[in-house]
Amino acid sequence: TSSYIPPYGLTIRREQAKVWDGETINCCILEPEGGCPKLPTVLYCHGGGFFLPIQPMMLHLAAQYAKELGARVYLPEYRILPEHPNPYPFRDCLSILEMIQEQDVPYLLYGESAGGTLAAGLALWARDHGIRAANGQCLVYPVMDNRCSRYASMRLYSDAAWPLKNNLTMWREYLKNGKDGLDDYLVPMTAPDVSNLPKAYIEPQQIDTLRDEAIAYANRLQTAGNKVSLHIVEGSYHGFDADWENSFVQDVVRGRITQMREMLEK
């Protein structure tokens, strides 16, 4: 991330943030130049199966969100597998959420893939622990459930861009020390109560092992009385937005931004 140069009109900085166990992690912050202290904020929980650090694609997307929304985007470099299973990724991101709370600004929870389960878990945690709710949660091809055999898409696309074997390895490693009392937050699909949550934009990709669990979570949220916008992207696959200059990708990203803007303007 240190070599990334943001587009004109944006700045990027890396701050060290003290987290829940007294250690510090880096957090990338992208924002418009001359950043006013009170900007709408996006907490971007990155994907990568809890194994990978921040990738160039994520910085490009974060920059686009910062520019189009006039927002400050926090991209925590949370600690990752194999050295740091649960509770590190979740609690590291929670520490950044608590930091954002102090600023009293409208904010969104955003996550792709493994970051989707972090963002959804944070929405649940905020509801249960008296934290001011996000204006919305944006879950892009999200991981939602460790009970992989429940979903037809796991079998249909077992060798697709995010293979079934990778998904099984991710959950095994992530939960290898148990759930540390965080059951309802680490695996959002197993949370007993998903009512009273922020509006959700959920974006499964058609050709993806994770497609059906994302749809199932959207349906659960809707049944519980939450506002949900479900957008299944036909012909797309897990991580398709790494090709950020592609016109198809740009169209999908513009759709996300429209949803995010509407949430922030509530």
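Reader: How many nonpolar, polar and charged residues does the lining of the largest pocket have?

Author: This is a predicted model, in which local features need pLDDT of at least 70 and side-chain atom pairs count only at pLDDT 80 or more, whereas totals for chains, interfaces and linings use all residues. Residues are numbered from 1 along each chain as its sequence is written, and side-chain values use heavy atoms, with hydrogens and water left out. Ala, Val, Leu, Ile, Met, Phe, Trp, Tyr, Cys and Pro count as nonpolar, Asp, Glu, Lys and Arg as charged, and the others, Gly among them, as polar. On that scheme, the lining of the largest pocket has six nonpolar, seven polar and one charged residues.

Reader: Which peptide bond is cis with omega near 10°?

Author: Most peptide bonds are trans. A cis bond with omega of about 0° joins Leu 81 and Pro 82, while the cis bond with omega near 10° runs from Asn 86 to Pro 87.

Reader: Is Ser 113 buried or exposed?

Author: Ser 113 has a positive phi, near 55°, although it is not a glycine. Buried means under 20% relative accessible area, exposed over 50%, and partly exposed in between (1.4 Å probe, protein chains only). Because its relative accessible area is 5%, Ser 113 is buried.

Reader: And is Asn 196 buried or exposed?

Author: Asn 196 is another residue other than glycine with a positive phi, near 55°. Because its relative accessible area is 65%, Asn 196 is exposed.
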